[in-house]
Structures are given as C-alpha cells and as structure tokens.
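Me: I'd like to go through this one with you, question by question. Have a look first, and then we'll start.

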Amino acid sequence: MVRVLIVHHSLNTVGGAERLCLNVIEALKEAGHKVVLASLEKPDWDKVRRAFGRSVQVESRYVLPFRLRMFGIYQRPLTGLVAQAVRGEADMVVNTHGDLMPCHADLTYMHYPVMALGLEAGSKYVSSPFWRLYFTPYEVGQKLMLKLFLRRSVIATNSTFSAEAIRKFIGAPAVVVYPPVDVETFHSERDKDPRLVLTVGRYSPEKRYELVPRIAKKCRGLRFVVAGSLTPRGEAYLRRLRAEAKSLGADNVEFLADLPLGELRSLYGEASVYLHLMVNEHFGISVVEAMASGCVPVVHRSGGTWRDILAEGRYGFGYGSIRECAETLERVSRGDMEELRDEVRRRAWDFSEDRFKSRFLNVFDRVASLKEA
C-alpha cells in the first residue's frame with residue numbers, strides 16, 4: 001500500500017479535470033492505496049454526485065469552507081501550500097489539477113502548459129488587453145515554479161498534441177494518458193435524424209460557435225443545434241450568437257443552454273452528425289461522447305481532436321474552411337454512414353473511464369518503482 005496525496009485546486013467546478021481527478025482517486029483506492037485529497041476549498045460532494053453520478057469516500061484537507069468567486073487563477077497556488085503542509089504524511093504526491101503548485105509532485109497530469117495559453121490564437125489572454133494584463137503575473141509565477149517544483153516530476157497529459165506543446169514550452173517529455181470519458185452514459189444505438197447536426201460545449205468565444213449560423217446558411221436542408229453550458233461570462237456571447245443567426249436569416253439554428261443530462265443524452269442519440277469548431281482543441285471530450293452515441297464527427301483539422309481521437313480521418317471527417325465544412329456536412333448527411341457509426345462507437349470505448357484507470361495505474365506504478373529504486 002502506498003500513501004498518496006492528490007493535489008487538486010477544487011472539485012467543485014465539476015469539469016473534465018475534476019472527472020479525471022475523481023477517476024484517479026478511484027483507481028488508486030481500487031488498487032489498495034490510501035488516498036488524501038488536498039484542495040483549497042472544501043469539496044461539495046453533493047455537487048460532485050449530481051455532476052458525475054457518484055462521489056468517493058476520501059480524506060480531504062482544505063483551507064476554505066466556501067468558494068471565493070474572484071481571482072480564480074491566483075487562488076490555485078494556495079492549494080500547493082495546503083499540500084506542502086501535509087506532504088510529509090504521503091509516500092507519493094500526484095498533481096491532477098495540472099497548473100504548477102508550490103509543492104513537489106512525483107506525477108503531474110498537465111492538461112496543457114499555462115505558458116502556451118498566452119500565445120494561443122483565440123485565447124482571451126491574447127485577444128483582450130485586460131485579460132493579458134490579468135494573466136501575465138500568473139504566467140511569470142508559473143515559469144518560476146517550473147524551475148523550482150517540476151524538474152523531478154513525471155508529466156502525463158491528455159494527447160500527443162498537448163505532449164508536443166509541453167515539450168516546446170516546458171522542455172520536458174510527457175506520457176500520453178487519454179482523459180476519462182463517461183462513454184457508458186452516452187452510448188446509444190438509436191435511429192438517427194439525418195438532418196440533425198449537434199454541437200456541445202461551453203459558451204465561450206474560443207469555441208467559435210459564431211460560425212454555426214454561417215455554416216447553417218449554406219446547409220438549408222440541415223438543422224443545427226448548439227447545446228452549451230452557460231457561465232455568467234458566456235451570457236453576452238450567447239446573446240450575440242442568437243442575434244447573428246437572426247441577422248443572417250439562419251432559422252435552421254437553435255442555441256440551447258444548460259440542458260439537463262437526460263435531454264442532452266437524447267440530443268446525442270438523435271443527432272446524425274457532430275460538428276466541432278474549436279481550432280487546436282487539446283483533446284475534446286464532447287467529441288468522444290458524441291461518438292459513443294453514434295454521431296459521425298466532423299472536426300477542424302487540428303489539435304488532439306483530429307490527431308488523437310479521429311486518428312486523422314480514420315474515425316470521422318476533417319475540414320479547414322467554412323465552405324469545406326458545409327460541403328462535408330451535406331455529404332455526410334446524405335451518405336450511408338452506418339458502418340462508420342459502428343466504428344466510431346467502438347472507438348469511443350478506447351477513452352472510457354476503465355481504460356483511463358488502467359493507463360494511469362501503469363504510469364503511477366512505474367513512477368513509484370523509480371522512487372523506490
């Protein structure tokens with residue numbers, strides 16, 4: 001038995017990184033290890049249960065019994081201080097949050113290097129002077145912690161695309177461990193509506209949902225639905241999207257927000273095609289969910305989505321321009337795609353939670369063996 005300290009800023013944001021953290025905790029406990037979670041704020045296990053359908057019984061150490069809603073990225077390093085205070089009780093430290101913390105970790109799951117976000121096209125930290133100014137001190141702090149706390153850590157990441165960025169910006173190799181996707185929940189064998197094109201994600205400008213009305217205008221015979229999760233910052237973006245669709249006369253587009261899980265599953269099951277618009281997506285969990293439902297994915301020919309999930313066209317279609325995207329959607333909606341649907345359903349299981357746990361434990365065991373040696 002190994003005593004493992006998991007460092008994660010907060011589980012209460014219940015996103016993809018939090019699903020990964022939950023799976024890491026489960027995998028380690030199933031392997032017989034003792035796990036302690038270090039976070040800044042107290043885990044809201046009821047919220048975790050509502051989001052993921054389960055929570056875990058794990059000892060947790062935290063500072064705040066509540067959530068601070070301002071200066072979010074500047075709260076993250078404080079998590080490392082919590083971890084530093086209790087790391088002497090652990091044999092191994094695993095950072096699943098991904099950003100660097102002022103605490104040595106034996107294994108760091110880095111979703112994407114923070115240093116790259118300040119240069120990434122479409123990032124708010126590039127396009128907005130305000131956000132650039134807000135982000136710069138954090139970026140400087142991350143570079144400092146890179147020298148102090150990462151050199152002895154093994155790095156894992158979510159795709160070969162992210163691994164290349166880590167090598168470029170961090171100067172270190174990273175092992176690819178694809179993130180866990182709840183494939184079982186979204187698996188569907190339902191009959192499809194050949195006219196329905198679905199897009200799912202968070203309402204945020206880097207997702208490029210403003211392209212949907214322009215594409216829909218070229219595909220009048222198809223129906224487009226964007227089902228997005230909404231944050232306070234995303235409300236203005238959603239209003240712009242609806243206004244854009246109206247101004248273009250794209251009445252075959254519908255923007256939906258914060259659908260219950262049952263309605264989202266129903267949409268996945270009904271849709272024939274899944275449209276993904278983000279450029280250089282690091283991975284793309286919603287694409288895998290759609291594939292589990294039998295949707296044929298059409299994605300931008302970039303990033304981990306194209307390279308790692310679709311295997312550069314083996315499990316779906318890519319595009320480079322709006323015109324090519326529209327033409328591909330028309331072709332897919334008219335074609336016989338049943339054989340491909342079966343293939344993408346099988347492909348989705350490569351990214352299941354069980355596969356993730358197995359891959360993660362393989363890496364963890366190797367790191368533990370190196371530490372003992």
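Predicted model: local features only at pLDDT ≥ 70, side-chain atom pairs only at ≥ 80, totals over all residues.

Me: Is Glu189 buried or exposed?
Reply: The cut-offs are under 20% relative accessible area for buried, over 50% for exposed, and partly exposed in between, using a 1.4 Å probe and protein chains only. Glu189 comes out at 53%. That is over 50%, so Glu189 is exposed.

Me: Which residue forms a salt bridge with Glu281?
Reply: The closest N and O atoms of that pair are 3.7 Å apart.

Me: How far apart are the closest N and O atoms of Glu59 and Arg61?
Reply: Side chains of opposite charge can pair when their charged atoms come close. Glu59 is partly exposed, with a relative accessible area of 33%, and Arg61 is partly exposed as well, at 23%. Glu59 and Arg61 form a salt bridge, and the closest N and O atoms are apart by 2.8 Å.

Me: How many salt bridges does a search of the whole structure find?
Reply: Some of them join up: Arg19, Glu26, Glu30, Arg54, Glu353 and Lys357 are linked in a network. The search of the whole structure gives a total of 24.

Me: Which helix does Glu353 lie in?
Reply: Glu353 is buried, with a relative accessible area of 13%. Leaving aside residues up to four places away in sequence, Glu353 touches (heavy atoms within 4.5 Å) Arg19, Asn23, Arg54, Pro180, Val181 and Asp182. Its helix covers residues 353-372 and is called α16.

Me: Which strands sit at the edges of the open sheet?
Reply: The sheet has 7 strands with parallel pairing, in the order β3-β2-β1-β4-β5-β6-β7. An edge strand pairs on one side only, and two strands pair if DSSP finds at least two bridges between them. The edge strands are β3 (59-61) and β7.

Me: What is the bridge partner of Leu5 in β2?
Reply: Strand β1 (residues 3-7) and strand β2 (residues 34-38) pair in the parallel sense over 5 bridges. In β2, the partner of Leu5 is Val36.

Me: At about what angle does α1 run to β1?
Reply: Axes are lines fitted to C-alpha atoms, for helices over the stretch in contact, and angles run from 0 to 180 degrees between N-to-C directions. Helix α16 lies across β1, β4 (92-95), β5, β6 and β7, at about 140° to β4. Helix α1 (residues 16-30) lies across β1, β2 and β5 (107-109), and its angle to β1 is about 175°.

Me: What elements do the buried residues of α7 pack against?
Reply: In helix α7 (residues 160-169), the buried residues are Phe161, Ser162, Ala163, Ala165 and Ile166. They pack against β6 (154-157), β7 (175-176) and α13 (303-309).

Me: How far apart in space are Gly234 and Pro205?
Reply: Gly234 lies in helix α10 (residues 234-248) and is buried, with a relative accessible area of 2%. Gly234 and Pro205 are 29 residues apart in sequence, but C-alpha to C-alpha the distance is 8.3 Å.

Me: Last one: what share of the chain's residues is buried?
Reply: The chain has 16 helices and 13 strands. Of its 373 residues, the buried share is 56%.

Terms used: Residues numbered from 1 in each chain as written. Heavy atoms only, no water. Helix = DSSP H or I, 4+ residues; strand = E, 2+ residues; numbered from the N terminus. Salt bridge = Lys/Arg side-chain N within 4 Å of Asp/Glu carboxyl O.
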